[in-house]
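Subject: The two-chain model, and what I found in it

Hi,

Here is the structure I promised to pass on.

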Amino acid sequence: MHLAEPSMSSEKERRFAGPRRGQLVFALGFIAISGLLIVQIGVQTVWVDGVRLAAQPRFWPAVGLGLMVAMAGLHLWRLPWRRVTRFDRTEALRWLMVLEYCAWFMAYVLLVPILGYLPVTLIFVSALAWRMGYRSRGMMAISALFAISVVVIFKSLLSVRIPGGAIYEYLPGALRSFAILNL
Amino acid sequence: MELIADSLAILARWDVALALLVGSVGGVLIGAIPGVGPAVAIAILLPATFSMDPIVGLTVLLGIYGSSMYGGAIPAILINTPGTAVNALTTYDGYPMTTRGEPRRALSLAYSASFFGGIFSVICLILFAPVLARIAPLFGSREIFLAALLGIILVVVAHRGQTLIAAALAGFGIFVQSIGLEPVKYTQRYTFDQPFLSGGVDLIVVVLGLFALSQAFVLLTMEDEKTRLTRLRGGVFQGLRELARHPRIASVSAGFGVLMGMIPGVGEFTAQFMSYTYAQRTSKRPEDFGHGSSEGLIAAETANNAVPAAAMVPLLALGIPGEALTAMMLSVFYVHNVVPGPALFQNSMDFVVALYIALLILNVLVMVFLLVATKPLVQVVRIPNRFLGVCILTLSFVGVYSLRNSVTDCLMAAAFGILGYILKRLSMPIVPIILGMVLGGIMEVKLRAAMARVRAPLDFIDRPVAFILFCMIGVVLFIHIRRVLLDRREIREAEWQTKHRSTRFGGLMSRRKNSLLKARGKAVRARHSRSPRR
């Protein structure tokens with residue numbers, strides 16, 4: 001792998017839909033995963049004797065994976081670029097940056113059944129807004145207001161299925177059942 | 001008349017009225033915020049609508065779908081940023097009108113054109129419903145399989161220049177829907193002995209990941225944009241008067257919207273492109289297009305708003321969604337055991353017409369709301385991008401977690417969110433994955449049912465509708481292959497024309513050196529020839 005030399009772009013490159021950065025990495029990754037999956041088809045699906053092809057349990061995974069491998073292979077073949085450049089590597093690192101927000105999201109998911117929907121949403125929205133650089137009092141107040149309205153609309157009014165926090169068990173009688181149902 | 005009375009009876013409930021109001025106002029708001037869009041909103045609200053009646057849930061979702069494009073025109077016209085993807089063409093003529101000091105005129109015209117498009121399509125479809133009710137029963141298993149196949153092919157070939165990767169992503173969708181316990185022989189498919197994969201991958205988890213979470217990631221990793229709003233002056237009704245001066249463009253554009261909306265996989269973009277081209281070609285002032293032409297604005301907005309009602313046709317009549325938003329709505333039907341398809345048209349025609357009337361009322365509500373509330377509404381474009389990302393991430397949790405209270409669902413949604421983010425960064429299409437999942441499932445069931453009655457391969461197309469669909473697939477593939485070959489020839493010709501020698505400095509000097517040497521050689525030879533011989 002080496003750096004791409006600065007050169008005039010060809011007609012094929014100019015007509016390519018989308019940016020250049022990351023295309024080759026994505027195509028290679030997609031083919032690698034599709035290839036790994038299709039290799040597993042004998043183990044992960046079964047062939048039932050005496051059943052027509054269209055009704056075979058293996059048929060549709062084979063159609064999907066076949067399309068993935070064949071079309072992504074053709075896509076890679078038709079790509080106007082053959083070398084991974086530093087722009088591709090920067091792009092791949094940018095994809096990894098998203099993992100931070102996935103971690104925020106998963107922390108939110110894991111904490112709701114323990115601390116309860118309202119407290120965790122209040123903390124989550126305010127903390128993430130703070131992390132994104134909105135640190136004024138106004139934005140913090142808007143964050144808190146948004147968190148409360150989300151909980152009220154979805155849990156209290158629309159009765160969406162979100163369990164009450166384990167911490168609510170320690171609340172006294174009537175407040176406990178109110179908190180489990182509404183907060 | 002009796003049918004319409006029955007349909008009105010279905011709608012005459014307070015919860016439906018509330019759903020209409022929430023759907024219309026919510027849709028406009030969502031459309032007006034650049035970076036949210038109806039797909040994100042519908043994905044988030046989908047699980048919340050499962051506890052409602054089908055008509056209530058569908059009205060909310062349909063309201064968001066139908067009214068978001070009205071809202072999307074606001075930032076497109078005022079700050080040159082389309083609120084939803086389909087408002088991109090609105091910026092061509094809407095924003096130049098704002099820059100020359102006519103934002104109110106542009107907005108009013110966009111609202112009026114959208115209103116006309118919406119009403120025109122609903123009326124067309126109410127009139128067309130009895131014909132559809134006659135055609136729909138002609139669709140058996142093999143016809144529905146072929147229609148779904150046609151839909152998936154159309155979605156793939158519609159992504160010009162990206163057909164190969166769109167087909168690969170549709171294949172990915174087909175693969176994802178096949179994961180889990182297979183319903184006929186009860187064998188496991190690609191579960192890797194993990195219990196959480198036995199039940200399969202839920203469409204809503206994928207939709208929320210690909211649309212909502214990925215959009216949140218996009219917003220969280222981008223910079224906030226500074227927006228400058230123009231003050232709105234002028235009357236709000238002038239658009240209606242101006243629209244009345246262009247009845248031909250408005251009705252042809254709405255017609256394109258209805259036609260394109262009914263064909264799976266084609267949708268708003270093609271409808272807009274065709275109407276805009278038509279309007280430009282037939283205009284007395286084609287040079288104004290792209291520089292604030294009222295005709296251009298009418299063509300774009302009428303066409304895109306005529307699509308939602310028409311897009312419901314393949315969904316309701318055949319159970320085949322033509323694009324991502326109707327694919328999401330399909331899950332609302334399934335949750336309530338209402339199976340859209342020919343039987344729905346035969347047995348519950350009043351339900352179908354009720355949905356169309358709901359769309360009609362919705363358009364009126366949105367128009368009234370916009371005429372009254374545009375001034376405060378434009379302020380929503382000021383919401384900073386990254387804060388919007390925080391909000392979408394918070395709301396996505398409700399969508400995924402409320403489904404089954406499952407942490408693994410959330411983990412899968414996050415993984416699909418990363419995939420969606422990568423696809424968005426690379427400008428690759430997401431819709432083929434969703435349609436691959438939905439249509440792949442339909443094709444699997446229908447092909448299995450159809451093949452049970454087929455002896456020889458040609459029996460599959462021995463019925464007229466099946467034969468027509470088969471021919472249509474052939475024609476679509478032929479047109480696509482021809483276009484690919486023509487494109488390749490064009491590229492080859494263009495490359496040949498622009499072929500040039502290297503412009504590098506070394507190459508330049510080398511060529512110069514050769515010419516110098518040649519000239520020098522000539523001079524030397526000339527001198528020698530002139531010199532007297534010894």
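First, some housekeeping. This is a predicted model, where local features need pLDDT of at least 70, side-chain atom pairs count only at pLDDT 80 or more, and totals for chains, interfaces and linings use all residues. Residues are numbered from 1 along each chain as its sequence is written, while chains are lettered from A and ligands numbered from 1 in the order in which they are written.

**Confidence**

The model scores ipTM 0.93 and pTM 0.86. Be careful with residues 1-6 of chain A, where the pLDDT is below 50. That stretch has seven contacts in the model beyond near neighbours in sequence (a contact means that two C-beta atoms, placed from the backbone, lie within 7 Å). For chain B the mean is 86, and 94% of its residues reach 70 or more. Within chain B, confidence is highest in α8(B), at 96, and lowest in helix α22 (residues 505-530), at a mean of 71.

**Chain B overall**

Chain B has 22 helices and two strands; these are DSSP runs numbered from the N terminus, with helices being H or I over at least four residues and strands being E over at least two. Its C-alpha trace spans about 120 × 65 × 50 Å along the principal axes. Chain B is split into domain 1 (2-453) and domain 2 (500-530), with bounds that come from an automatic or database domain assignment. The C-alpha centres of these two domains of chain B are 66 Å apart.

Of the 534 residues of chain B, 54% count as buried. Buried means 20 or more other C-beta atoms within 10 Å of the residue's own, exposed means 12 or fewer, and partly exposed is in between, with C-beta atoms placed from the backbone. Among contacts in chain B between residues at least 6 apart in sequence, 79% join residues at least 24 apart.

**The core**

Which residues touch the most other members of the largest nonpolar core? They are I42(B), A43(B), A168(B) and I434(B), in a core of 213 residues. A nonpolar core here is a set of buried Ala, Val, Leu, Ile, Met, Phe, Trp, Tyr and Cys residues joined through C-beta atoms within 7 Å. Helix α14 (residues 294-318) of chain B supplies the largest share of this core, 16 residues. Leaving aside neighbours within four places in sequence, I42(B) is in contact with L61(B), I64(B), Y65(B), L325(B) and M328(B).

**Where the chains meet**

The contact takes 57 residues from chain A and 57 residues from chain B. On the chain B side, α18(B) gives the most, with 11 residues. That side divides into 35 nonpolar, 14 polar and eight charged residues. (Ala, Val, Leu, Ile, Met, Phe, Trp, Tyr, Cys and Pro count as nonpolar, Asp, Glu, Lys and Arg as charged, and the others, Gly among them, as polar.)

**A few single residues**

Most residues other than glycine have a negative phi. F192(B), however, has a positive phi near 50 degrees, and D193(B) has a positive phi near 60 degrees. F192(B) sits in the loop between β2 and α9 (195-198) of chain B, and D193(B) lies in the loop between β2 and α9 of chain B. Are they buried or exposed? F192(B) counts as exposed because it has 10 C-beta neighbours inside 10 Å, and D193(B) is exposed, with 8.

M274(B), in helix α13 (residues 267-282) of chain B, is buried because it has 20 C-beta neighbours inside 10 Å.

Cheers

Technical notes
pLDDT = per-residue confidence, 0-100.
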